[in-house]
Amino acid sequence: MALKPGVVSGEDYIALVNACKDGGYALAAVNCVGTNSVNAVMEAAAKNNSDIIIQFSNGGAQFYAGQGMEDSFQAKVLGAVSAAQHVHLLAEHYGICAVLHTDHANRKLVPWVDALIDHSEAHYKAHGRPLYTSHMLDLSEEDIDDNLGECARVLARMAKLDMSLEIELGITGGEEDGVGHDIDENADSSHLYTQPEDVLKAYELLTPIGHFSVAASFGNVHGVYKPGNVQLRPEILRNSQSLVREQHNTAENPLNLVFHGGSGSEKAKISEALTYGVFKMNIDTDTQFAFSNAIGKYVDDNAKAFKYQIDPEDGTPYKKQYDPRKCLRAAEQGFVTRLDEAIADLGSTGRSLAR
Ligand SMILES: [Zn+2]
């Protein structure tokens with residue numbers, strides 16, 4: 001299997017997802033907020049000869065457009081468009097395949113996703129392919145029929161443009177960019193685990209419409225917390241796959257599964273999840289920390305350059321140290337180093353399909 005380097009969609013995306021599942025590896029899906037993080041992701045993918053997923057939350061997209069933009073809805077849409085155009089232009093020159101995706105959209109953010117699909121329609125007319133490979137809808141707070149009904153509507157729009165939809169069943173603990181759920185450690189945690197019957201329902205409704213993937217909850221949590229009473233139970237993924245396989249007589253692992261909240265997860269549980277058809281693992285918290293940690297080190301090592309242009313005692317000029325490229329490059333390198341590890345954990349090192 002060989003694909004052209006650059007942004008993949010449609011048949012090529014499906015081939016990539018299947019290659020991951022057949023090969024027992026997964027792609028890192030990295031939340032980005034600007035060119036520093038996007039370029040660091042492409043650099044890490046090229047360095048590790050791995051394909052990669054570049055994704056934006058609504059807040060990340062807004063930040064990409066700039067915090068000074070007054071209309072925040074417009075900023076969320078145009079920031080995501082601008083980011084996608086950046087990746088379309090550059091990814092092929094890094095020599096890897098990149099998937100463009102947007103992260104959690106709850107009910108309030110469905111108009112954001114619809115507006116981005118409008119942009120993909122225009123892009124499809126002009127270039128024969130969508131702007132984004134896929135979007136996510138997270139209506140897991142709603143009842144299953146409302147959740148799936150809206151997913152079906154949106155997927156019907158996207159399927160015409162060779163796009164894929166990620167849905168969420170069950171609740172990923174923790175909050176990400178204003179979407180999500182704080183963890184009440186005393187509450188019953190059963191809602192943190194996806195019910196295989198719900199996954200079966202999704203499979204039956206959505207399969208005839210188009211390509212989709214499922215963020216299933218198996219005790220995964222956004223962010224890094226002290227070890228609590230929520231246990232990672234990847235066997236929930238296995239049980240969902242088995243139920244669909246038995247009911248519909250499919251091949252092994254019929255579902256395309258997504259692992260949210262990969263930051264801070266035990267490596268053994270990540271490896272186990274990969275055997276159950278997980279092709280994508282989201283990483284945000286750990287790469288955020290790696291970025292900021294590297295800036296912190298740089299500032300510590302060059303403290304005077306952040307206070308004075310010229311040393312008040314000996315007249316040394318600090319221009320070379322306070323040039324923002326210096327601390328931002330340190331941040332990019334920290335980000336890349338953390339991704340080296342994530343890509344290795346997911347088994348995707350050296351497995352790029354780009355030729
Ligand atoms: Zn998530």
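Reply: Helices (H or I, at least four residues) and strands (E, at least two) are DSSP runs, numbered from the N terminus. Residues are numbered from 1 along each chain as its sequence is written. This is a predicted model: local features need pLDDT of at least 70, side-chain atom pairs count only at pLDDT 80 or more, and totals for chains, interfaces and linings use all residues. Ala-115 lies in helix α5, residues 110-127.

Me: Why is Ala-115 called partly exposed?

Reply: A residue is buried if 20 or more other C-beta atoms, placed from the backbone, lie within 10 Å of its own, exposed if 12 or fewer, and partly exposed in between. Ala-115 has 16 other C-beta atoms within 10 Å, so Ala-115 is partly exposed.

Me: What makes the buried residues of α9 line one face of the helix?

Reply: The buried residues of α9 (residues 267-274) are Ile-270, Ala-273 and Leu-274. Seen down the axis, they fall within an arc of 100°, so they line one face. The arc is that of the directions from the helix axis to the C-beta atoms.

Me: Why is α7 called oblique to α8?

Reply: Axes are lines fitted to C-alpha atoms, for helices over the stretch in contact (C-beta atoms within 7 Å), and angles run from 0 to 180 degrees between N-to-C directions. The axes of α7 (residues 196-206) and α8 come within 9 Å and cross at roughly 50°. Angles under 35 degrees count as roughly parallel, over 145 as roughly antiparallel, 65 to 115 as roughly perpendicular and the rest as oblique. Therefore α7 is oblique to α8. Among the residues that meet are Leu-200 in α7 and Leu-243 in α8.

Methods
Contact = placed C-beta atoms within 7 Å.
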